[in-house]
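Let's take a friendly walk through this model together, from its ligand site to the strands around it. Have the viewer ready.

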Amino acid sequence: MTPDIKPFVAGNWKMNGERDQLDQIALTARGVDEELAAKTGVCLCPPATLLYVATTLSEDTSLMVGAQDCHPEKEGAHTGDVSAEMIADCFATHCIVGHSERRTDHGETDETVLRKTLACHRAGLTAIVCIGETEAEYDAGEAEAVLARQLTHGVPESTNEHNTIIAYEPVWAIGTGKTPSPDDIATIHAFIRERLAERLGGPGERMRILYGGSVKPGNAAELLSVNNVDGALVGGASLKAEDFLAICETYRGV
Ligand code: PGA
């Protein structure tokens, strides 16, 4: 945790979830009571097909809803794509950009991530910008250089603590059950904090830095107590309301 920064827990459903899982969204919304919401922001990012119904289900609750990706442009001839404005039109408030699966599956570069982050800002969405090194980069001792590059080229100058959240996700920890040690996470998050502060000043000091990669109810307390870890981006464990809420509950007593 970072003093004076309200944490944030986001659930990324990825390409999972059909109508028969809508009850999990409703259950999650019900679980985020006022007391919990005072301690941490909680946001679910279902697939685009469920976005509008998700915001309807979470209406009048403290659960926030986000998308998993957006196109850099506002509208136009881009078959199959969804713009940040369309996401905002569904009453969603957040959007993940630059997830490593998008970088791998769709060849997204830092420049693409920058344009998408700017699109989120243009539409009034908070961008959840993902950064992280691959296993090969980690093994080669290049993690910090990769993160520095992603932060410099993928995060626009206009970024601040209101319009952007950073999510550090080591690619080798995503969906694998492996996590870095708390000490390693502390070192990397301190490095990210330094870079953000150097580049953006005060807003960089106040920006939330989430950890993501195999966060589960069983390891959440340990991971979320690390210095400069201001919440989590949760994949697999966000699909079941019970597990996702158990992770969020870590903050209730804090
Ligand atoms: P995981 O995914 O929690 O299933 O490891 C995290 C993510 O990709 O955001």
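## Before we start

A polar contact here is a pair of N or O atoms within 3.5 Å. Please keep in mind that the model is predicted.

## Around the ligand

A backbone N or O atom of Ser214 sits 2.7 Å from one of the ligand's oxygen atoms. For Gly236, a backbone N or O atom also lies at 2.9 Å from a ligand oxygen. Glu169 takes part through its side chain, with a polar atom 2.6 Å from an oxygen atom of the ligand. The protein covers 97% of the 280 Å² of accessible area that the ligand has on its own.

The ligand is surrounded by 13 residues, and Lys14, His99, Glu169, Gly175 and Ser214 are the closest.

## A histidine in the shell

His99, one of the closest residues to the ligand, is found in the loop that links S4 to helix H5 (100-105). Is His99 buried or exposed? Its relative accessibility is 4%, and because buried means under 20%, His99 counts as buried.

If you display the side chains, you can trace a link between two members of the shell: His99 and Glu169 are joined by a polar contact of 3.2 Å between their side chains. Glu169 is also the residue whose polar side-chain atom lies 2.6 Å from a ligand oxygen.

## The barrel

Now zoom out to the strands. Eight of them form a closed barrel in the order S1-S2-S3-S4-S5-S6-S7-S8, with parallel pairing. On average, neighbouring strands in this sheet are turned by 25° against each other, with direction ignored. Strands of a sheet pair through backbone hydrogen bonds, either parallel or antiparallel.

Two pairs are worth a look. Strand S3 (residues 64-67) pairs with S4 in the parallel sense over two bridges, and Ala67 stands opposite Cys95 of S4. How many bridges join S5 to S6? Five bridges connect S5 (residues 126-131) and S6 (residues 164-168), which run parallel; Cys130 has Ala167 in S6 as its bridge partner.

## Both sides of S4

In a regular strand the side chains alternate between the two faces of the sheet. Strand S4 (residues 94-97) has cover on both faces. His94 and Ile96 are buried on one side, while Cys95 and Val97 are buried on the other.

Terms used:
Residues numbered from 1 in each chain as written. Predicted model: local features only at pLDDT ≥ 70, side-chain atom pairs only at ≥ 80, totals over all residues. Heavy atoms only, no water. Near = heavy atom within 4 Å. Polar contact = N/O pair within 3.5 Å; in protein donor to acceptor, adjacent residues only side chain to side chain. Areas by Shrake-Rupley, 256 points an atom, 1.4 Å probe, with all protein chains shown as cover. Pairing = 2+ DSSP bridges. Helix = DSSP H or I, 4+ residues; strand = E, 2+ residues; numbered from the N terminus. Axes fitted to C-alpha atoms, helices over the stretch in contact; angles between N-to-C directions. Buried < 20%, exposed > 50% of the residue type's maximum accessible area, 1.4 Å probe, protein only.
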